[in-house]
2 protein chains.
Amino acid sequence: MPRVSQDQLDARRHEILNASRTCFARFGYNGATVHRLEEATGMSRGAIFHHFRDKEHLFLAVAEDDAATMAEIVARNGLVQVMRDLLERAGNSEGDTAGWLGTQLEVAHRRRTDPAFAKRWAQRSAAIADATRERLQRQRDAGVLREDVPVEVLTQFLELAYDGLVLHLATGRPAGELAAVLDVVEDAVRRH
Amino acid sequence: MPRVSQDQLDARRHEILNASRTCFARFGYNGATVHRLEEATGMSRGAIFHHFRDKEHLFLAVAEDDAATMAEIVARNGLVQVMRDLLERAGNSEGDTAGWLGTQLEVAHRRRTDPAFAKRWAQRSAAIADATRERLQRQRDAGVLREDVPVEVLTQFLELAYDGLVLHLATGRPAGELAAVLDVVEDAVRRH
């Protein structure tokens with residue numbers, strides 16, 4: 001009989017992911033030392049690296065976890081709604097949001113400075129684009145999307161706005177008129 | 001009689017800035033060691049830090065130089081044209097563009113992980129927004145801008161698209177349909 005159930009292992013893994021997300025977001029990949037990861041998770045390095053092979057794999061797991069969650073929300077509510085939620089949560093200074101935004105920018109930073117990471121990440125980052133494209137196609141079929149621009153272009157337009165929002169919020173700039181800006185974004189893909 | 005003229009000093013300073021830009025973009029702020037800056041510029045650390053107090057000030061000078069150049073182009077041609085130029089130059093793999101994009105993301109990274117830098121930078125980054133706002137106001141006065149959305153919202157909409165483009169290109173993603181996406185962006189601020 002195993003001493004620790006699969007549910008307990010999953011729960012522990014999830015705890016490590018959440019605490020590490022905050023640590024990576026706050027200190028960056030290089031600054032999130034194993035000592036800081038121990039402090040953030042309240043676990044020893046032995047316990048952490050029982051669940052994740054090394055820091056590289058822990059970071060990838062955090063980023064993949066975020067991407068999977070986001071693809072689910074996009075499929076259900078659309079990328080514009082994801083942006084509205086992000087803006088609202090950033091305004092409320094919710095800790096998770098700061099961590100999540102930070103991870104996004106840290107991924108961008110590592111894609112730029114670490115070619116091996118960029119290659120691995122490219123294979124994993126298509127899920128959000130796919131979910132956005134499929135949802136826009138359903139809206140096109142339902143007649144609520146503009147028809148003079150291909151769905152692929154509108155997909156990449158929404159992704160551009162999303163990337164812009166991530167960069168804006170993750171660098172701690174004020175929200176300003178971004179709620180009204182997202183109305184302009186949504187209006188730009190709609191049929192009139 | 002001075003041995004080195006002001007023109008020569010300015011030219012040397014400009015050379016250091018350009019070579020350092022590429023170095024910061026390629027290795028990031030922390031990875032751009034003094035040794036690598038020496039290699040990139042072909043000058044000794046003594047010569048480099050005769051012109052810039054330290055690495056921090058050298059990086060700030062690179063970023064400010066970029067921001068000033070961009071504000072000039074925005075005032076003349078608008079932020080959408082800046083985005084089109086950026087996209088075209090990124091497609092041609094022009095070395096300067098990669099460096100410039102990298103600096104933009106490095107600024108974002110440092111704004112997020114270094115509160116002292118974020119504070120200094122906030123005081124200096126308003127020039128591009130000001131140039132964008134003034135140009136849109138002139139277009140509003142000329143009757144070519146949509147009138148149902150305040151100029152300030154349209155300004156921040158264009159900045160969102162610009163930030164998205166920087167994040168997209170700086171992380172080495174393919175241009176895809178971005179030329180057509182910029183048509184959607186431009187169309188979204190125009191009067192119909």
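Biologist: What rotation and what shift along its axis superpose chain A on chain B?

Modeller: This is a predicted model. In it, a rotation of 180 degrees with 0.0 Å of shift along the axis places chain A on chain B, with an RMSD of 0.0 Å. That is the relation of a two-fold axis.

Biologist: Which residue of chain A comes closest to the rotation axis?

Modeller: That residue is G164(A), whose C-alpha lies at 1.8 Å from the axis. The same surface serves both copies, as 100% of the contact residues of chain A recur in chain B.

Biologist: How many residues does each chain bring to the contact?

Modeller: Chain A brings 38 residues and chain B brings 39 residues. Between them, the two chains bury about 3,200 Å², with 66% of it on carbon and sulfur atoms. On the side of chain A, the most area is lost to chain B by R112(A), L160(A) and V184(A), which together account for 21% of what that side buries.

Biologist: Which helices of chain A each supply at least two residues of the side that touches chain B?

Modeller: They are helix 1 (6–31), helix 6 (95–113), helix 9 (151–170) and helix 10 (178–189) of chain A. Helix 9 of chain A gives the largest share of that side, 12 residues.

Biologist: Changing topic to the largest nonpolar core: which members touch the most others?

Modeller: The core has 114 residues, and those touching the most other members are M83(A), F157(A), V185(A), M83(B), F157(B) and V185(B).

Biologist: What does F157(B) touch, beyond residues up to four places away in sequence?

Modeller: In chain A, F157(B) touches F157(A), V181(A), V184(A) and V185(A). In chain B, the residues touched by F157(B) are V185(B), A188(B) and V189(B). As background, nonpolar side chains tend to be buried together in soluble globular proteins.

Biologist: One more residue, T132(B): is it buried or exposed?

Modeller: T132(B) counts as buried because its relative accessibility is 3%, under the 20% cut-off. T132(B) lies in helix 8 of chain B, which spans residues 126–141. Apart from neighbours within four places in sequence, T132(B) is in contact with V74(B), L79(B), T155(B) and L158(B).

Terms used:
Residues numbered from 1 in each chain as written. Chains lettered and ligands numbered in written order. Predicted model: local features only at pLDDT ≥ 70, side-chain atom pairs only at ≥ 80, totals over all residues. Heavy atoms only, no water. Least-squares fit on C-alpha atoms with pLDDT ≥ 70 in both. Contact = heavy atoms within 4.5 Å. Helix = DSSP H or I, 4+ residues; strand = E, 2+ residues; numbered from the N terminus. Buried < 20%, exposed > 50% of the residue type's maximum accessible area, 1.4 Å probe, protein only. Core = buried A, V, L, I, M, F, W, Y, C linked by side-chain atoms within 4.5 Å. Buried area = accessible area lost by both parts, 1.4 Å probe.
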